[in-house]
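Please keep the sequence and the structure in view throughout.

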Amino acid sequence: MQEDWEILVAGLSGKDCVLSGLDVTGGADMTPAVAKGSVLSNGIMYPVTAGDVTITPADATNPRIDLIVVDSTGAKQVRAGTAAAAPKPPVRTANDVVIAMVYIPAADT
């Protein structure tokens, strides 16, 4: 996917990348857990606290791909994709550091 390449290029450039930690694990229901760590966003280092993020409810008929990111203020966010028969990740906001790409099956809870 083009989106994968864009994420890799941002990380390899050293401008928007994970420096340490930020493992994402299943968590309960639609709330994956993010471990503490740090990122560079637009070349600025941000510490990131551990915590859960919330995935919005799944579409009834089509899957989607969401991104779990650390934004340009150092906050954990979920960028929801658009449900489709062949889903693609959403467009990243400027200087988002992507820490996980999450496949949300149709009707998932």
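Q: How many helices and strands does the protein chain have?
A: Helices (H or I, at least four residues) and strands (E, at least two) are DSSP runs, numbered from the N terminus. Here the protein chain has one helix and nine strands, and along the sequence they follow the pattern α-β-β-β-β-β-β-β-β-β. This is a predicted model, in which local features need pLDDT of at least 70 and side-chain atom pairs count only at pLDDT 80 or more, while totals for chains, interfaces and linings use all residues. Residues are numbered from 1 along each chain as its sequence is written, and side-chain values use heavy atoms, with hydrogens and water left out.

Q: Which radius of gyration does the protein chain have, and why does it agree with a compact globule?
A: The radius of gyration is taken over C-alpha atoms, and the globule rule is 2.2 Å times the number of residues to the power 0.38. For 109 residues, a compact globule would have a value near 13 Å; the protein chain has 14 Å, which agrees. The C-alpha trace spans about 40 × 30 × 15 Å along its principal axes.

Q: What percentage of the residues count as buried?
A: Buried means under 20% relative accessible area, exposed over 50%, and partly exposed in between (1.4 Å probe, protein chains only). Of the 109 residues in the protein chain, 39% count as buried.

Q: Which residues touch the most other members of the largest nonpolar core?
A: A nonpolar core is a set of buried Ala, Val, Leu, Ile, Met, Phe, Trp, Tyr and Cys residues joined through side-chain atoms within 4.5 Å. In the largest such core, of 16 residues, they are Leu-22, Val-34, Val-39, Ile-68, Val-70, Ile-99 and Ile-104. Strand 5 (44–48), strand 7 (64–70) and strand 9 (97–104) are the elements that give two or more residues to this core. Strand 9 supplies the largest share, five residues.

Q: What does Val-70 touch, not counting residues up to four places away in sequence?
A: Contact means heavy atoms within 4.5 Å. With those neighbours not counted, Val-70 touches Leu-22, Val-39, Val-48, Ala-75, Asn-95, Asp-96, Val-97 and Ile-99.

Q: Where is the place of Ala-106?
A: Ala-106 is in the segment after strand 9. The residue is partly exposed, with a relative accessible area of 31%. Leaving aside neighbours within four places in sequence, Ala-106 is in contact with Ala-58, Asp-59, Ala-60, Thr-61, Asn-62 and Pro-63. From C-alpha to C-alpha, Ala-106 and Val-70 are 26 Å apart in space, and they are 36 residues apart in sequence.
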